[in-house]
Amino acid sequence: GLNLVMIVGGVLTAALLARGIRHALLFRILIVLGLVAAIVMFQPDMPRAPRIAGLVGWMLVYGACIAVVTAMLPRVVANPLPGAAAAGLLSQVAALTTFLTPYVWMPILASGRWPLFLVVIAAAGAAGILLFPRARDEAR
């Protein structure tokens with residue numbers, strides 16, 4: 001079910017990129033939307049319906065972020081052979097991150113230290129924005 005939501009996020013992202021929205025701008029917007037979804041999804045005492053809506057939003061943004069980063073690969077790696085290696089590395093990093101991050105945030109949430117969780121997700125979002133490559137030809 002939720003994997004389909006990720007696909008929708010990717011398709012919507014492709015449509016936005018095809019219309020000329022800048023990769024970096026879209027990525028920043030997605031990071032903010034992801035932070036909002038995470039707050040709704042993990043906030044203590046949040047009722048079930050908004051929590052599920054937050055999860056759906058999170059998966060939509062996750063799929064969209066993967067699409068933006070993948071779409072950026074040809075601008076970062078011009079040669080097809082290293083491009084394929086970069087795509088494989090991107091896939092492995094995403095899988096490893098998905099596997100490891102619950103070991104970071106689950107203990108924080110289990111301890112009831114909600115403000116620390118907000119700091120962690122805000123820092124992760126800021127790191128994503130800072131590390132996102134800037135293409136020379138993206139100044140449209």
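In which helix is the place of V104?

Guide: V104 sits in helix α5, where helices (H or I, at least four residues) and strands (E, at least two) are DSSP runs numbered from the N terminus. This is a predicted model, in which local features need pLDDT of at least 70 and side-chain atom pairs count only at pLDDT 80 or more, while totals for chains, interfaces and linings use all residues. Residues are numbered from 1 along each chain as its sequence is written, and side-chain values use heavy atoms, with hydrogens and water left out.

V104 is partly exposed, its relative accessible area being 42%; buried means under 20% relative accessible area, exposed over 50%, and partly exposed in between (1.4 Å probe, protein chains only). V120 is 16 residues from V104 in sequence, and their C-alpha atoms are 8.7 Å apart in space. T98 belongs to helix α4 and is partly exposed, at 44% relative accessible area.

Helix α5 spans 102-110 and supplies at least two residues to the lining of the largest pocket, as do α2, α3, α4 (80-100) and α6 (114-131). On a 1 Å grid over the protein atoms alone, a pocket is an open set of points where a 1.4 Å probe fits, with protein on both sides within 12 Å along at least five of seven lines, and lining residues have an atom within 4 Å of a point. The volume of this pocket is about 1,500 Å³, a volume being the space filled by probe spheres set on grid points joined across faces, edges and corners. Its lining has 43 residues, with W58, Y62, T97, T101 and A124 nearest the centre. Helix α3 gives the largest share, twelve residues. By type, 35 lining residues are nonpolar, eight are polar and none is charged; Ala, Val, Leu, Ile, Met, Phe, Trp, Tyr, Cys and Pro count as nonpolar, Asp, Glu, Lys and Arg as charged, and the others, Gly among them, as polar.

A nonpolar core is a set of buried Ala, Val, Leu, Ile, Met, Phe, Trp, Tyr and Cys residues joined through side-chain atoms within 4.5 Å. The largest has twelve residues, including L17, L26, F27, A64, V68 and F132. Helices α2 (23-42) and α3 (48-76) each supply at least two of its residues. A second, separate core of seven residues includes A38, M41, F42 and F117.

T13, in helix α1 (residues 2-18), is buried, with a relative accessible area of 2%. Leaving aside residues up to four places away in sequence, T13 touches L26, A64, A67 and V68, contact meaning heavy atoms within 4.5 Å.

Buried residues make up 28% of the 140 residues. Among contacts between residues at least 6 apart in sequence, 70% join residues at least 24 apart. The C-alpha atoms fill a box of roughly 50 × 30 × 25 Å along the principal axes.
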